[in-house]
Amino acid sequence: MKILITGNLGYVGPGVVNEFRTHYPDAEIFGFDIGYFAKHITNNTIIPESYLDIQYYGDVRNFPERLLEGVDTVVNLAAISNDPIGNKFEEVTLDINYKSSISIAKMAKRMGVKNFVFASSCSVYGAAEDAARKEESKVNPLTAYAKSKVFTENDLAGLADEKFKITCHRFATACGMSERLRLDLVLNDFVAGALTSGEITILSDGTPWRPLINVKDMARAIRWSHERKHDEGGHFLIVNSGSDQWNYQVKELAEKVQGLMPDIKVSINQNAAPDKRSYRVDFGLFKKLAPDHQPLFTLENSIKGLIDGLNFIGFNVKDFRNSRYMRLYVINHLIENGIIDNDLKLISI
Ligand SMILES: NC(=O)c1ccc[n+]([C@@H]2O[C@H](COP(=O)([O-])OP(=O)(O)OC[C@H]3O[C@@H](n4cnc5c(N)ncnc54)[C@H](O)[C@@H]3O)[C@@H](O)[C@H]2O)c1
């Protein structure tokens with residue numbers, strides 16, 4: 001069995017590699033990534049790519065079709081994967097997240113790949129506080145990032161058939177420790193703030209709803225989409241991926257961290273403009289279709305995992321919001337140092 005994972009050198013990828021390697025010790029597993037964040041390892045063990053058969057480096061905008069020969073499953077993680085970068089690089093975000101995903105999916109179909117797994121996002125629901133959104137609910141993408149996910153889902157729908165199964169996971173916001181940790185995610189930011197300055201600063205008024213999922217539970221869900229049969233959800237499936245127990249308001253997340261670290265202070269910015277990105281999500285379909293791949297982590301043990309992981313690496317970056325733990329910071333740094341251009345393409349040496 002051959003599995004190709006694009007974007008494996010990011011926050012989610014290492015867990016996905018691990019999940020497949022653990023469950024399929026004999027599989028051939030390949031990674032493909034441009035490597036923007038490759039060197040930012042955040043654990044003291046072996047690099048996660050040691051579990052791969054081959055690591056390819058390249059740009060998904062120029063993906064070599066030959067790499068798909070004999071591949072059974074493509075897990076497409078490569079993306080400009082947050083709003084701050086997406087807002088600054090809108091066209092690039094569409095090129096990488098949308099056009100390249102569709103182009104790789106078309107190549108995959110031509111090359112006889114059986115499964116295509118796409119990492120979409122619950123952010124497609126945008127502003128949706130009133131009732132928990134289901135897969136058939138109207139989408140309301142508010143940012144270039146969220147739009148790129150909607151466009152991709154729409155075009156992928158036309159490609160699936162009895163030989164080419166497509167799963168679009170609309171993932172909740174990720175959290176938790178990873179071998180390539182990032183702190184530009186709400187829970188991770190709170191834990192880092194609590195550890196380094198004894199304070200959580202909520203950048204909104206704390207009321208927005210945000211479903212969360214542990215990054216390792218994302219990997220379990222992805223493995224399920226590789227294993228699922230066509231009659232378990234159909235040739236083409238969009239599925240909210242997370243758990244109904246994990247719909248939280250941002251201020252509740254801060255309180256949970258405080259529950260484990262009682263001495264810390266939580267400051268809510270009462271004057272903050274309301275954050276329009278607020279959504280509650282119904283994960284009932286995922287529970288029905290994938291009862292054996294439901295999230296295993298709790299919010300508490302995700303927080304503990306972050307505390308332990310950050311302590312283990314001796315993390316003490318007080319100004320972490322301006323550090324290599326933020327993806328926009330890394331991208332800006334690569335541009336400023338002439339490593340990538342304004343289209344985020346590698347500048348040749
Ligand atoms: N983290 C979340 O909260 C979350 C939630 C829902 C969905 N997702 C989706 O899951 C996927 C993985 O997310 P992540 O948090 O690991 O993101 P990440 O930014 O940490 O990693 C993305 C990876 O894609 C690679 N990449 C970007 N552009 C590329 C290009 N042109 N060619 C080749 N590789 C390229 C980067 O180098 C990076 O290693 C993304 O598609 C993201 O949109 C993430």
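**View 1. Cys122 and the cysteines around it.** Cys122 is buried, at 0% relative accessibility; here buried means under 20% relative accessible area, exposed over 50% and partly exposed in between, with a 1.4 Å probe and protein chains only. The model is predicted, so local features need pLDDT of at least 70 and side-chain atom pairs count only at pLDDT 80 or more, while totals for chains, interfaces and linings use all residues. Residues are numbered from 1 along each chain as its sequence is written, and side-chain values use heavy atoms, with hydrogens and water left out. A disulfide is a covalent bond between the sulfur atoms of two cysteines. In this model a disulfide is counted where two cysteine sulfur atoms lie within 2.5 Å, and the count is zero. The closest cysteine sulfur to that of Cys122 belongs to Cys168 and is 13 Å away, which is too far for a bond. Cys175 is in no disulfide either, its nearest cysteine sulfur being that of Cys122, at 13 Å. Cys175 is buried, with 0% relative accessible area.

**View 2. The largest cavity.** A cavity is a set of points on a 1 Å grid, over the protein atoms alone, where a 1.4 Å probe fits but cannot get out; lining residues have an atom within 4 Å of a point. One cavity of 30 Å³ or more is found in the whole structure. The largest cavity holds about 80 Å³ of space, a volume being the space filled by probe spheres set on the points. Its lining includes Gly10, Tyr11, Phe37, His40, Arg180, Arg324 and Val330. By class, six lining residues are nonpolar, two polar and four charged.

**View 3. Helix 10 and its buried residues.** Helix 10 spans 327-336; helices are DSSP runs (H or I) of at least four residues, numbered from the N terminus. Arg327, Val330, Ile331, Asn332 and Leu334 are the buried residues of helix 10. They pack against helix 2 (83-88). After helix 10 comes Gly338, with a positive phi near 70 degrees.

**View 4. Leu344 and its contacts.** Leu344 lies in the segment after helix 10. Leu344 is buried, at 0% relative accessible area. Leaving aside residues up to four places away in sequence, Leu344 touches Ile34, Tyr36, Arg61, Ile80, Phe89, Val92, Ile331 and Ile335, where contact means heavy atoms within 4.5 Å. Of these, Phe89 is 255 residues from Leu344 in sequence and 8.7 Å from Leu344 in space, C-alpha to C-alpha.

Definitions and conventions: On a 1 Å grid over the protein atoms alone, a cavity is a set of points where a 1.4 Å probe fits but cannot get out, and a pocket is an open set with protein on both sides within 12 Å along at least five of seven lines; lining residues have an atom within 4 Å of a point. Ala, Val, Leu, Ile, Met, Phe, Trp, Tyr, Cys and Pro count as nonpolar, Asp, Glu, Lys and Arg as charged, and the others, Gly among them, as polar. Helices (H or I, at least four residues) and strands (E, at least two) are DSSP runs, numbered from the N terminus.
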